[in-house]
Amino acid sequence: MSNDKDLLEAGKKLLRTEAGELLKAADKIGDELVQAAKLIYSCKGRVVVAGLGKSGHIGRKISATLASLGTPSFFLHAAEAFHGDLGMLRREDVGILISNSGTTSEVVALLPHFQRLGAKLIAITGGADSPLAKHCDIVLNSHVEHEGDVLELAPMSSTTLQLAIGDALAVVVTILRGLKREDFAVFHPGGSLGRKLLTRVNDLMGTGEQLPVIKRGVLVKDALFAITSGNYGAACVVDDANKLLGIFTDGDLRRLIEKFGVNAFNIKIEDAMTKTPKTISPESLAAEAMRLMERNEISVLIAVNDENIPVGMIHLHEILKAGIA
């Protein structure tokens with residue numbers, strides 16, 4: 001029986017083998033990747049990804065990745081296809097057929113059904129001279145020299161490469177689409193990812209009566225209610241036109257009392273405030289507000305409009321409570 005050191009080395013060897021096959025594929029792949037991506041980009045129907053066994057599992061992931069990036073796609077099980085699922089195919093579709101050998105009978109048997117409709121086909125296969133490769137419009141070579149399995153039988157490096165080729169396709173299609181983070185958010189509205197990409201400052205900030213505002217000329221003692229009545233521990237200081245002059249926080253108050261004692265309460269607010277407060281647009285992402293707070297080691301931001309008038313205030317706790325981290 002092997003010892004722990006030998007077992008660890010076996011695992012590391014597999015990782016090195018798979019990494020090596022990926023690097024070789026990166027050097028080997030050519031313009032066919034771009035042509036396949038352009039075919040998918042121009043597709044007026046759906047991208048139908050088909051495979052069987054381990055290649056089928058990879059196909060599901062490739063289809064899911066394409067769909068998550070705005071390309072309508074579904075997975076077609078190569079065996080189930082012949083029991084009614086072929087009815088889902090359309091002339092406008094593009095097929096991605098996956099088979100390591102390129103001879104998997106169920107996958108090869110799909111060829112005439114796509115061709116009968118006139119649908120274009122992309123093959124991801126390690127068999128460059130296989131029936132699958134010969135009858136597809138574009139071939140992405142997933143050939144590997146070593147699977148990495150100690151028996152050299154189980155598909156390991158080959159399925160890793162198939163998946164990586166699918167990801168590479170998705171990346172190029174994404175560039176062709178000019179997809180932005182905001183577009184990506186539309187396809188991921190749920191979960192923490194959706195919240196990060198969709199939640200904006202104006203969704204969480206306090207406004208109206210919740211926004212603590214102090215006019216310049218007010219004494220510190222008269223401003224205490226504003227900074228203690230809300231949940232922010234701070235208040236905006238504005239001029240007669242309601243434009244932002246600064247921020248006065250409970251931290252500013254503590255430092256003022258430490259320095260001047262009870263005389264601190266009779267100081268004008270504009271002499272006690274922080275004159276260069278950090279601000280943010282209400283249209284900014286809440287995740288951006290959180291990064292700004294963390295970078296400046298503060299817990300409150302003032303949201304201002306284009307005229308530098310405060311329209312809201314947001315606290316770090318509100319962002320965290322919304323599940324954005």
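In what order do the five strands of the open sheet with parallel pairing lie? The order is β2-β1-β3-β4-β5, where strands are DSSP runs of E with at least two residues, helices are runs of H or I with at least four, and both are numbered from the N terminus. Two strands count as paired if DSSP finds at least two bridges between them. The model is a predicted one, in which local features need pLDDT of at least 70 and side-chain atom pairs count only at pLDDT 80 or more, while totals for chains, interfaces and linings use all residues. Residues are numbered from 1 along each chain as its sequence is written, and side-chain values use heavy atoms, with hydrogens and water left out.

At the edges of this five-stranded sheet lie β2 (73–77) and β5 (138–141), each of which pairs on one side only. Neighbouring strands are turned by 20° against each other on average, direction ignored; axes here are lines fitted to C-alpha atoms, for helices over the stretch in contact, and angles run from 0 to 180 degrees between N-to-C directions. Within the sheet, β1 (residues 47–51) and β3 (residues 94–99) run parallel and are joined by four bridges, and Val-47 has Val-94 of β3 as its bridge partner. Helix α3 (residues 53–68) lies across β1, β2, β3 and β4 (120–125), at about 165° to β2, contact being heavy atoms within 4.5 Å.

A second open sheet has three strands in the order β6-β7-β8, and its pairing is mixed. Its edge strands, β6 (213–215) and β8 (244–249), each pair on one side only, and the twist averages 30° from one strand to the next. Three bridges link β6 and β7 (residues 234–238) in the parallel sense, with Cys-236 of β7 the bridge partner of Val-213. Helix α11 (residues 220–229) packs on this sheet and touches β6, β7 and β8, its direction making about 125° with that of β7.

Turning to open space, the largest pocket holds about 370 Å³. A pocket is an open set of points on a 1 Å grid over the protein atoms alone, where a 1.4 Å probe fits, with protein on both sides within 12 Å along at least five of seven lines; lining residues have an atom within 4 Å of a point. Of its 20 lining residues, Ile-247, Thr-249, Ile-298, Ser-299 and Val-300 are the closest to the centre. Two or more lining residues come from each of β8, α12 (250–260) and β10 (300–304), and α12 gives the most, with five.

Definitions and conventions:
Points joined across faces, edges and corners; volume = space filled by probe spheres on them.
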